[in-house]
Amino acid sequence: MLNETLSVKINKTQNSKIESVDWENLPFGKVFSDHMLVMNYKDGAWMSPEIKPFADLSMHPATSAIHYGQSVFEGMKANRSEDGSVLLFRPDMNAKRFVESCERMCMPTIDEDVFTELVKRLVDVDRDWIPEKDGYSLYIRPFMFATDDFIGIKPSDTYTFMIFTCPVGVYYSNPVNVKIEEFYTRASQGGVGRAKTAGNYGASLYPAKKGNEEGFHQLIWTDGVEHKYIEESGTMNIMFVVDGKLITPSEDSDTILKGVTKRSVVEITQHWGLDVEERKITVEEIVTALKEGRVSEAFGAGTAATIAPIAKIGFRGDVYELPAVETREVSNRVSEYLTNLKLGKAEDEMNWLVTF
Ligand SMILES: *Cc1c(COP(=O)(O)O)cnc(C)c1O
């Protein structure tokens with residue numbers, strides 16, 4: 001068994017910061033737990049992993065990740081159930097996606113079971129950092145970046161893999177307003193949209209800022225060729241309920257990030273016997289349905305927000321308002337199920353939880 005053979009050196013902090021945390025008012029992503037995990041790659045192999053006190057990194061100014069962008073990450077959450085055990089939600093899917101991101105970016109991979117085990121080891125050391133308050137979680141950020149100190153474009157020979165965690169509050173406290181973007185592009189066929197790689201997020205900032213200036217929190221991305229098909233919303237997958245049917249863009253093109261949350265929403269709603277379709281969705285289909293009042297729900301799906309209800313959708317200067325969030329049967333049911341499940345309060349019908 002991996003949990004017996006994988007050796008992780010643990011060096012615990014003498015100065016825990018846990019007493020200084022305001023557990024009632026946690027922002028998202030600004031508070032960091034006491035420890036981090038570090039594992040270096042050189043000469044074609046991973047060195048032994050170490051858990052140590054959370055601290056700054058020191059790096060060479062030519063560190064290649066900074067210049068050439070070989071950098072990938074994951075995002076997942078841990079919660080604690082009433083009996084004190086830690087619950088992870090489908091970590092195997094993050095492990096698998098991490099491998100895919102690494103491959104696309106010419107970076108070494110990490111065995112999926114090792115990835116999950118390393119996440120568990122770090123979370124176990126900082127398990128007291130898992131917040132108790134409703135809607136709060138321990139956000140987990142595994143990531144890898146190229147570390148050669150070399151100026152020139154080629155895959156780095158050395159890398160660092162790390163994990164740190166952040167106790168977090170809610171990501172969006174209100175429904176979001178989004179605009180269908182028809183000029184800027186998040187991802188194009190043959191590009192890196194499917195990889196959770198740093199540059200995708202850097203590139204999305206400018207279009208998102210333009211959208212903010214028009215009063216929208218996020219954009220709905222459309223395909224990079226014709227801007228005809230709906231792809232994602234901000235850094236979430238997008239789902240709609242139209243004529244009582246749950247629909248979401250299919251992942252056939254390599255421009256859509258394969259979200260764990262979205263996959264889980266599809267699987268659980270199918271399991272409940274709801275009408276679910278994963279297929280190409282045109283902007284025209286959605287705009288027509290919005291005009292005719294046939295869109296009863298729209299929401300983003302992602303680990304940070306889980307289910308983020310969309311209040312308004314903007315398109316070419318018009319703004320369409322969706323029904324009140326309280327009336328949304330599908331997203332409310334899914335949201336409640338996933339929230340309860342992640343706290344160990346709902347039956348794990350699909351076998352999604354990893355407990356320790
Ligand atoms: C991370 C991410 C998502 C959501 O994926 P989850 O696995 O559900 O967290 C969706 N779209 C983009 C672009 C992302 O980076």
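Which residue lies over the face of W272? Select R333: R333 sits over that ring, at 3.8 Å from the ring centre. A charge counts as lying over a ring if NZ of Lys or CZ of Arg is within 6 Å of the ring centre and within 35 degrees of the ring normal.

This is a predicted model, in which local features need pLDDT of at least 70 and side-chain atom pairs count only at pLDDT 80 or more, while totals for chains, interfaces and linings use all residues. Residues are numbered from 1 along each chain as its sequence is written, and side-chain values use heavy atoms, with hydrogens and water left out.

Next, select K342 and F89: K342 lies over the face of F89, at 4.9 Å from the ring centre.

Turn now to the ring pairs. The structure holds 20 aromatic pairs (rings of Phe, Tyr and Trp, the last by its six-membered ring, with centres within 6.5 Å; planes under 30 degrees apart are stacked, over 60 edge-to-face, the rest tilted). Select F32 and F164, an edge-to-face pair at 5.4 Å centre to centre, with 75 degrees between the planes. F164 is buried, at 17% relative accessibility, whereas F32 is partly exposed, at 26% (buried means under 20% relative accessible area, exposed over 50%, partly exposed in between, with a 1.4 Å probe and protein chains only).

F54 is partly exposed, at 28% relative accessibility.

Finally, select Y41, W46, F98, F115, Y159 and F161, which form one aromatic cluster.
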